[in-house]
Amino acid sequence: GLGDVYKRQVPATWRLRWEDRLSLAGGGYSELRSTINVKHKIIKLVEDASFNKANIQSYADTFSAQLIPLNFLLAGIVYFSTRNVQKALSMLVIDYSCGIRLSTATAFSAAINTAAKNGILIKGSNYLEELSKSDTVIFDKTGTITEGKPKIQTLQVLEKNMKEDEFLAFAAAAEEMSSHPLAVAILNEVKNRGIQIPEHKDTEIKVSRGIETLVNNDVIRVGSKKYMQENEIYTDNASDVIKGILNRGEILICVAKNKDLIGVIGVSDPPRENIKKAMNRLRNHGIDDIVLLTGDLRQQAETIASRMSMDRYESELLPEDKARDILKFQSIGSKVIMIGDGINDAPALSYANVGIALGSSKTDVAMEAADVTITSDDPLLIPGVVGLAKKTMKIIKENFTMAIGINSFAPVSYTHLT
């Protein structure tokens, strides 16, 4: 299930240079392994887009096919009115179906290609139609609303006779091979201090909770306060420090050795530039409800939701909880856009009417699960693609009117002018 434990095998004998280690933590290994594949994926996404038809495009094909007999009917009317075979045959040249079909397909194709030129990959015209109908947008927090480049602001060691460097070394041992932004923050701090990471066993990741490993037969756990509580590790001895971290809007990371909390870390992750402007523009495009779903603590979620003027938030969620919330919104008739960047967001991206993977640091899993991929870190492209979808649907409806109107007027004008 989605909440199962994921294991990543990390040989304890690996001792990498700092540059290599941080490159791996930042996704460099994944990029090295799949640079060519990513290019092929992008090309394939654009090529496959033509096979994913929007409902209105299928309707256009069906409706235009039903109008073909009308051409023969008009030809018959002209013949019986004029007794002129040439005029009657000319009516067959006036075709509803071509105008309706071609104008619809062309509008969608132009929109998808325009989006691709601006770094937005849309998997099919059906998602453009869904985007135009959407009224609810759900954001993930870390790496989506925020930059995903956190830095350590608070460091408090709770274990007596343990120095900060030793404490950080334990934390880095668990996070060494993780690609999570919070892991990178710890690894960057360790690098800057020139701390050697101790040898450790394989790491075990528990999604949206934390990570653990063995160092000299001691279990080292790094993660959320809830993760500590689930493992019967009490945090009462750090309540004042934790309260201060949360009051400052920092992300809390707890570090435990066996059953003892040995320290806490406060990490800041500032919001992306223009993210609030992007949300305001979404409201101008008719989005009524902007929601935050995050695995972070309630106080952290409340701070960011208040700062971004979001309508509501939910915190301390697992990946399956986010997916479940998507279904709740859809059950009351909402058309939902989900925006995320990581593996934890993949279920919600799949369940949403339209899933959007945002940013250059998005994971391959998020890109596969999403219906729209924004390759840059500019959040203004989110309202941009919604606006493009609405404009495309408006043009298609105008084309319907023009194709039917002009073709219907043509027989009348032709019989009177000739």
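User: What do buried, exposed and partly exposed mean here?

Analyst: Buried means under 20% relative accessible area, exposed means over 50%, and partly exposed lies in between. This is a predicted model. Take Tyr-79: its relative accessible area is 30%, so Tyr-79 is partly exposed. Tyr-79 is found in helix H4.

User: Which residues make the nonpolar surface patch?

Analyst: Tyr-79, Phe-80, Val-85 and Leu-89 make a nonpolar surface patch of about 410 Å². Helix H4 (68-82) and helix H5 (85-91) each supply at least two residues of this patch.

User: How should I read a salt bridge, and how many does the structure hold?

Analyst: Side chains of opposite charge can pair when their charged atoms come close. The structure holds 17 salt bridges. One of them joins Arg-193 to Glu-189, with the closest N and O atoms 2.9 Å apart. Both residues lie in helix H10 (residues 181-193), four residues apart, about one turn of the helix. Arg-193 has a relative accessible area of 33% and is therefore partly exposed.

User: Which residues are linked in a network of salt bridges?

Analyst: Glu-164, Asp-165, Glu-189 and Arg-193 are linked in such a network.

User: Where do Arg-324 and Asp-321 lie?

Analyst: Both are in helix H15 (residues 319-331), three residues apart, about one turn of the helix. Arg-324 counts as partly exposed because its relative accessibility is 44%.

User: Which residue forms a salt bridge with Lys-322?

Analyst: Asp-345 does, and the closest N and O atoms of the pair are 3.0 Å apart. Lys-322 belongs to helix H15, while Asp-345 sits in the loop between strand E12 (336-340) and helix H16 (346-351), so the pair ties together parts that are 23 residues apart in sequence.

User: Are Asp-345 and Lys-322 buried or exposed?

Analyst: Both Asp-345 and Lys-322 are buried.

User: How far apart are Glu-159 and Lys-257 in sequence and in space?

Analyst: Glu-159 and Lys-257 are 98 residues apart in sequence, and 9.6 Å apart in space from C-alpha to C-alpha. Glu-159 lies in the loop between strand E4 (151-157) and helix H9 (164-175).

User: What lines the second largest pocket?

Analyst: The second largest pocket holds about 160 Å³ of space. Of its 14 lining residues, the closest to the centre are Gly-249, Asp-269, Pro-270, Ile-304 and Arg-307. By class, the lining has four nonpolar, five polar and five charged residues. Helix H14 (residues 298-307) gives the most to this lining, with four residues.

Definitions and conventions
Residues numbered from 1 in each chain as written. Predicted model: local features only at pLDDT ≥ 70, side-chain atom pairs only at ≥ 80, totals over all residues. Heavy atoms only, no water. Patch = residues over 30% accessible without salt bridge, like charges linked within 9 Å, V, L, I, M, F, W, Y side chains within 5 Å. Areas by Shrake-Rupley, 256 points an atom, 1.4 Å probe, with all protein chains shown as cover. Salt bridge = Lys/Arg side-chain N within 4 Å of Asp/Glu carboxyl O. Buried < 20%, exposed > 50% of the residue type's maximum accessible area, 1.4 Å probe, protein only. 1 Å grid on protein atoms, 1.4 Å probe; cavity = no way out; pocket = protein on both sides within 12 Å on 5 of 7 lines; lining within 4 Å. Points joined across faces, edges and corners; volume = space filled by probe spheres on them. Nonpolar A, V, L, I, M, F, W, Y, C, P; charged D, E, K, R; others polar.
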